[in-house]
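Hi,

Here is the structure I said I would pass on. Have a look at it first, and then read on for what turned up in it.

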Amino acid sequence: MIVESSVVVPIPPALAFAVSQTTGETRLRWDPFIRRQAFLDEATAPAKGVRTLTRHRSGLRMVSEYVSYQPPTNVGMKMVDGPWFFAVMAGGWRFTALPDGGTRAVWRYSFTCRPHWLAPATERVGRVVLQRDIDRRIAGFARGCVDPAVLAAVSG
């Protein structure tokens, strides 16, 4: 299953990409999904192969790994440990420059559920829940792209 959401923001792709990769207090200013997020294995910045621990606002936790990291155009992650009902969970961003200097940002989740025999039902529910979630998150991202505190954090 795939769900995605997109938004146009009034900042260039490099800056939009930087906002999408914020962590800590800066991330909490715009991302309604997370309660906490941290790099693992002594990593201090995102890069291919880096793992993160994310705690959802509901308490669920997920360890993800960057499978691609190509500023300012795209980034992708996959779940390596997480909620039992996901057989596969991955996500990614794509950023496209617009003629007016803005950026079109697309955020996509790809997932399958388990157990296999229950997947048709759980994936239909998951699609609705995750679509609502990703729509809220990208709306938060758009707010972050005009938030002076977020922009200051990624600019300097």
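To start with how the chain connects to itself: residues 24 or more positions apart account for 50% of the contacts in the protein chain with a separation of 6 or more, where contact means heavy atoms within 4.5 Å.

Before the rest, a word on where the values come from. This is a predicted model, in which local features need pLDDT of at least 70 and side-chain atom pairs count only at pLDDT 80 or more, while totals for chains, interfaces and linings use all residues. Residues are numbered from 1 along each chain as its sequence is written, and side-chain values use heavy atoms, with hydrogens and water left out.

**The overall picture**

The protein chain has four helices and seven strands, and along the sequence they come in the pattern β-α-α-β-β-β-β-β-β-α-α. Helices (H or I, at least four residues) and strands (E, at least two) are DSSP runs, numbered from the N terminus.

The radius of gyration of the protein chain is 15 Å, which agrees with the value near 15 Å for a compact globule of 156 residues. That radius is taken over C-alpha atoms, and the globule rule is 2.2 Å times the number of residues to the power 0.38. The C-alpha trace spans about 50 × 35 × 25 Å along its principal axes.

Of the 156 residues, 40% count as buried; buried means under 20% relative accessible area, exposed over 50%, and partly exposed in between (1.4 Å probe, protein chains only). The protein chain exposes about 8300 Å², with carbon and sulfur atoms supplying 58% of it. These areas come from the Shrake-Rupley method with a 1.4 Å probe, and for residues only the protein chains shown count as cover.

**The aromatic rings**

In general, a pair of aromatic rings is described by the distance of the centres and the angle of the planes. Here, rings of Phe, Tyr and Trp (its six-membered ring) pair if their centres lie within 6.5 Å; planes under 30 degrees apart count as stacked, over 60 as edge-to-face and the rest as tilted.

The structure holds 13 aromatic pairs. One of them is Trp 30 with Phe 141, an edge-to-face pair at 5.7 Å centre to centre and 75 degrees between the planes. This pair links distant parts of the chain, with Trp 30 in helix H2 (residues 24-30) and Phe 141 in helix H3 (residues 119-144), 111 residues apart. Trp 30 counts as buried at 3% relative accessibility, and Phe 141 counts as buried at 0%.

Trp 93 and Phe 95 make a stacked pair, because their ring centres are 5.4 Å apart and their planes are at 10 degrees. Both Trp 93 and Phe 95 are buried.

**Gly 144**

Gly 144 is in helix H3 and is buried, with a relative accessible area of 1%. Not counting residues up to four places away in sequence, Gly 144 touches Val 19, Trp 30, Val 150 and Leu 151. The C-alpha atoms of Gly 144 and Arg 27 are separated by 8.5 Å, although the two residues are 117 apart along the chain.

**Backbone features to look at**

Most residues other than glycine have a negative phi, and most peptide bonds are trans. Which residues does a cis peptide bond join, with omega about 0 degrees? Pro 71 and Pro 72 are joined this way, and Pro 72 lies in the loop between strand S4 (61-70) and strand S5 (74-81). Another cis peptide bond, also with omega about 0 degrees, joins Arg 114 and Pro 115. Pro 115 lies in the loop between strand S7 (103-113) and H3.

As for phi, Asp 41 has a positive value near 60 degrees, and Glu 42 has a positive value near 65 degrees. Asp 41 sits in the loop between strand S2 (34-39) and strand S3 (51-56), and Glu 42 is found in the loop between S2 and S3. Asp 41 is exposed, with a relative accessible area of 57%, and Glu 42 counts as exposed at 80%.

**Pro 10**

Pro 10 lies in the loop between strand S1 (2-9) and helix H1 (13-20), and counts as exposed at 62% relative accessibility. Leaving aside neighbours within four places in sequence, Pro 10 is in contact with Gly 102 and Val 146. Pro 10 and Thr 103 are 6.5 Å apart in space, C-alpha to C-alpha, and 93 residues apart in sequence.

Best wishes
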